[in-house]
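Subject: Structure handover

Hello,

Here is the structure I promised to pass on. Please open it first, then read my notes below.

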Amino acid sequence: INSFNDFRKVPIITKDDLRKSNWLFPCIARSEWIDVSLTSGTTGAPAYLPWSEKDLGHLANITYLLHTTAGIKKSDTVQITYPIGEGMWIAGLHNWLGLCKVGACSLRFGPGFSDAQLENMRRLKPTVLLGSPSFLLKLGLLARKKGILREIKPRLICVSGQNILNNNLKKNNLGKKLEYAWGGTTVRAVYGASEGPICGVECSKKQGYHIPAEYFYLEIVDPLTHEPLEAGREGMLVIT
């Protein structure tokens, strides 16, 4: 690889390829694995993703860059409502790794247990929430119903797993409902996938996703020919 044009020579690997030939992809010995995660399985059978110590170091750096771009600070207390251990999903782990690098305080709550989540918020007053839009929408509406929204309202919410933006980069219906549920709290979109991993986040300008170029190269290609498309054309997103 000597130039960006050389990426065309590299075959595109699909989720199907990863599922069918899962154990051909690890490029280090099993003795070097220090963690294994599992894709969510929302679009088919899940795939296993082994991580080395170096991989998790990269993951911490990537998430640190995205957290700070979104506006998370060392002074924040962050309640993580992604799975941190259940189902071997990577979301909770990579967010925790990034927050450790930021220096923010993590509350590793995980998903579900809505009443307990809100009680935790009453006691520890997190300033930032991380999670899926649908769950945090449910949590915000419950806080309103209980009459405690003003008492626990965070300053920032970052969500991934479901899209909250339209093509014009404005909030879609789910995004608007989430903002309403939390009384106008700033809501920022995060983009990524388990095998990606997360690679983009909105900042205060709300002009789309910031991509850490030192870790990712993105192309929009023709779905049939896999040739890169000119700027402004819709196509298939390929992440290297």
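This is a predicted model: local features need pLDDT of at least 70, side-chain atom pairs count only at pLDDT 80 or more; totals for chains, interfaces and linings use all residues.

**α2 and α3**

Start with α2, residues 53–70, and α3, residues 91–102. Their axes lie 7 Å apart, and the packing angle is about 70°. An angle from 65 to 115 degrees counts as roughly perpendicular. The two helices are therefore roughly perpendicular to each other. On the α2 side, the contact is made by L56, L59, A60, N61, T63, Y64, H67 and T68. On the α3 side, the partners are H94, N95, L97, G98, L99, K101 and V102. By class, this contact has 7 nonpolar residues, 7 polar and 1 charged.

**α4 and α5**

Next comes α4, residues 114–124, which packs with α5. The axes come within 10 Å and cross at roughly 70°. So α4 and α5 are also roughly perpendicular to each other. The crossing is right-handed. From α4, the contact takes S114, D115, Q117, L118 and M121. From α5, it takes F135, K138, L139, L142, A143 and K146. The class count here is 6 nonpolar, 2 polar and 3 charged residues.

**α5 and α7**

Helix α5 spans residues 133–146, and helix α7 spans residues 173–181. Their axes come within 8 Å, with a crossing of roughly 30°. Angles under 35 degrees count as roughly parallel. That is why α5 and α7 are described as roughly parallel to each other. This crossing is left-handed. In α5, the residues that meet α7 are P133, L136, L137, G140, L141 and R144. In α7, they are L174, K177, L178, Y180 and A181. Sorted by class, the contact has 8 nonpolar, 1 polar and 2 charged residues.

**The cavity**

How many cavities of 30 Å³ or more does a search of the whole structure find? The search finds 1. The volume of the largest cavity is about 100 Å³. Its lining has 13 residues, and the closest to the centre are H67, N95, C158, V190 and I198.

The lining divides into 8 nonpolar and 5 polar residues, with no charged ones.

**Where to look first**

Best wishes

Terms used. Residues are numbered from 1 along each chain as its sequence is written. Side-chain values use heavy atoms; hydrogens and water are left out. Axes are lines fitted to C-alpha atoms, for helices over the stretch in contact, and angles run from 0 to 180 degrees between N-to-C directions. Helices (H or I, at least four residues) and strands (E, at least two) are DSSP runs, numbered from the N terminus. Angles under 35 degrees count as roughly parallel, over 145 as roughly antiparallel, 65 to 115 as roughly perpendicular and the rest as oblique. A crossing is left-handed if the near helix is turned anticlockwise from the far one by less than a right angle, and right-handed if clockwise. Contact means heavy atoms within 4.5 Å. Ala, Val, Leu, Ile, Met, Phe, Trp, Tyr, Cys and Pro count as nonpolar, Asp, Glu, Lys and Arg as charged, and the others, Gly among them, as polar. On a 1 Å grid over the protein atoms alone, a cavity is a set of points where a 1.4 Å probe fits but cannot get out, and a pocket is an open set with protein on both sides within 12 Å along at least five of seven lines; lining residues have an atom within 4 Å of a point. Grid points are joined across faces, edges and corners, and a volume is the space filled by probe spheres set on the points.
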